[in-house]
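Subject: Structure handover and notes

Dear colleague,

Here is the structure I said I would pass on. My notes follow below it.

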Amino acid sequence: MEFAENNRISHRQLYRQMVLAFLAPFMLCLFGRDRILGPAGIAGTLAGMVVLLFYVIFLIRLEPYYSDLEKSAGGFWGRVFGCFFVVYVIFTAAYLLTVLMEIVPESLLEGVSGKWISLCAVIVCAFGTHKGMQRRGRIAEVSGGLLLGSVALMMLLCLGQSRISYLMEMSVARDFSGRNFIKSTYGVLCAFSGIGLMPFVLGNVEKRGSAGKTAAFGIVTLVGIITGMLILLPAVFGWNRLLTEQYPVLPLLAGADLPGNVLARFDVLWMGFLLYSMLFAVGSLFHYGHQIIRQTHLGSGRYWMAAVVYGLSVLKFRGWGIEDIYGKYLAYVFVPGMILLQLFLMMRGKEKRKKKTAAAAGISMLLFLSGCAGIEPEKRMYPLALGADASTEGFEITYGMPDLPQATGQGKEEKNDQTSSLTITGADFAEIEEKYERTQEKYLDMGHLQVLILGEELLENGQWLTLLDYLMDEPFVGENVYVFRAKDPGEILEWKGGSGTSVGEYLVGMLENRTSGQKKKGVTLREVYNQRYLTGGMVILPRVRISGTKLEVWM
């Protein structure tokens, strides 16, 4: 069924809505520290898929009872069940907003309060809550395939960063046990618990009796992506580091560049797709909550529900927020409660079908694809190389900038006396940043960093560990940065022998601008991170030095 009429959606639109609503929440929230990982996670995901495929058949048969819960379960219990589902909608929407509040300031909008981001997201997602299903179907029709294709491309590009040795760390970890398997299986079922709202939608699907095949295909697609990520993440990061990452997809995006470094900060594009999916999911929850409230004759949730969701996302009680209780709520309250409720409806409900409007308003939402904190490009400083060494004060950081007029072909013939590097010392990196803010007129944008040069003294006295902690907290520093060692990083960054080319571009060119047989193997920041988590030591870094007027690299 390609198209649908009379405010109904086709099977293809239903499938793409499932992909849009689940994909980004799964990519961001399902992997990482204390979540689904390793062989037990893979086996549990596949086992959960089998359970869900049978569960979909059960949901198809429940559709007549969901159309009017008050008549199916009685006046009192119908309202109780309606409140039960509305609480799930509110809690889930609030939890997704807390994820946006955390990742957007770190990855896209530096310096913007998470509360403002949450407020903007609520306003955008709540707009059109009462609109019809066809609008939502058209949005999914246009953008669902694009999102799915972008995620597949991102995973394909990340394959080049994977290593078999990293993947073997997962098998050596021996985390597979019956307990972990059951925990992972139930975790997957909890993650897919939103499928329980599907009967509220089926009344608006063409040929809903055969919609089970479409829903099953959507589950298989999502499980395939989850399984692929469970293999890809440890292959890229290594097992030990993966156990410490809360959102491992974010550093994964930073390395998913097109070959040849075609577009700097390509991770912003991937992040845009994921944010679009997240906002679509929140908008869907608002719509379903509104429809559940109407169908159980509780009034209308068009306005107050958005306010409650926003309040839950930003407020904390004695240090506890929705992100602290949401997992336990799913595992111990909603999932078992929903199963009991559905069994009750199956036994008591009367088979009277009423078709009501059940849809979502997913307004196009590339809201956050703006630059970092709205600072114009000409008001930024873009270091392509960073030198770090020990000093009497503590640390010495040298920023190596390109000569932008020469690099873009806009330079004038007269001599440019401006220095191409800036050196700042301080006891720690907070003091260095404070000195930069106090003395420089331009905003420091680290999103284009290509090369990191570590000093010998820094490596010998162990201060490089503090540097790595600092860089890991810098969301705009990609992990595909090449790392070198030198006796004096500042001297290297002052080198002027590259015919106007910056040291960062020159060193990257020495590694990459060769035929396949002559290309040198560099060490990336991601490999440095992995070695630290694996052994606590530093990998063998290529050395860079100045010989006469030439820059030399020794592998």
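**A buried ring pair**

At 1% relative accessibility, F192 counts as buried, where buried means under 20% relative accessible area, exposed over 50% and partly exposed in between (1.4 Å probe, protein chains only). F26 counts as buried too, at 6% relative accessibility.

Before the rest, the conventions. This is a predicted model, in which local features need pLDDT of at least 70 and side-chain atom pairs count only at pLDDT 80 or more, while totals for chains, interfaces and linings use all residues. Residues are numbered from 1 along each chain as its sequence is written, and side-chain values use heavy atoms, with hydrogens and water left out.

**Aromatic pairs**

Rings of Phe, Tyr and Trp (its six-membered ring) are taken as a pair if their centres lie within 6.5 Å; planes under 30 degrees apart count as stacked, over 60 as edge-to-face and the rest as tilted. The count by this rule is 18 aromatic pairs. In one of them, F26 and F192, the ring centres are 4.8 Å apart and the planes stand at 65 degrees, so the pair is edge-to-face. F26 belongs to helix α1 (residues 11–29) and F192 to the loop between α8 and α9 (199–202), so the pair ties together parts that are 166 residues apart in sequence. Helices here are DSSP runs of H or I with at least four residues, strands are runs of E with at least two, and both are numbered from the N terminus.

Ring pairs also link F84, F85, Y88, F91, Y95, Y326, Y329 and F334 into a cluster. F334 sits in helix α15 (residues 322–348) and is buried, with a relative accessible area of 0%. Leaving aside neighbours within four places in sequence, F334 is in contact (heavy atoms within 4.5 Å) with F84, F85, Y88, S193 and Y329. F334 and F84 are 250 residues apart in sequence, and their C-alpha atoms are 8.1 Å apart in space.

**The chain as a whole**

The chain has 22 helices and nine strands. Of its 555 residues, 55% are buried. Among contacts with a separation of 6 or more, 82% are between residues 24 or more positions apart.

**Helix α2 and its partners**

Helix α2 (residues 38–66) packs on α8 at an angle of about 50 degrees, with the axes 7 Å apart. Axes are lines fitted to C-alpha atoms, for helices over the stretch in contact, and angles run from 0 to 180 degrees between N-to-C directions. Angles under 35 degrees count as roughly parallel, over 145 as roughly antiparallel, 65 to 115 as roughly perpendicular and the rest as oblique; α2 and α8 are therefore oblique to each other. On the α2 side the contact is made by A40, G41, A43, G44, T45, A47, G48, V51 and L52, and on the α8 side by N180, F181, S184, T185, V188 and L189.

The buried residues of α8 are S184, T185, V188 and C190. The expected span of a helix is 1.5 Å times one less than its number of residues. For the 14 residues of α8 (residues 178–191) this gives 20 Å, and the end C-alpha atoms are 20 Å apart, which agrees.

With α10, the axis of α2 comes within 10 Å and crosses at roughly 170 degrees, so α2 and α10 are roughly antiparallel to each other. Here G41, I42, T45, L46, M49, L52, L53, V56 and I60 of α2 meet A211, G212, A215, A216, I219, V220, V223, I226, T227, L230 and I231 of α10.

Helix α10 (residues 211–237) has 27 residues and reaches 39 Å from first C-alpha to last, close to the 39 Å expected. It is mostly covered, with 21 of its 27 residues buried. After α10 comes G238, whose phi is positive, near 90 degrees.

**Two further sites**

L285 is in helix α13 (residues 267–295) and counts as buried at 8% relative accessibility. Apart from neighbours within four places in sequence, L285 is in contact with V89, T92, A93 and L96.

T524 lies in the loop between α21 (503–512) and α22 (525–535). T524 is buried, with a relative accessible area of 17%, and touches E479, N480, V481, Y482 and V483, not counting residues up to four places away in sequence.

Regards
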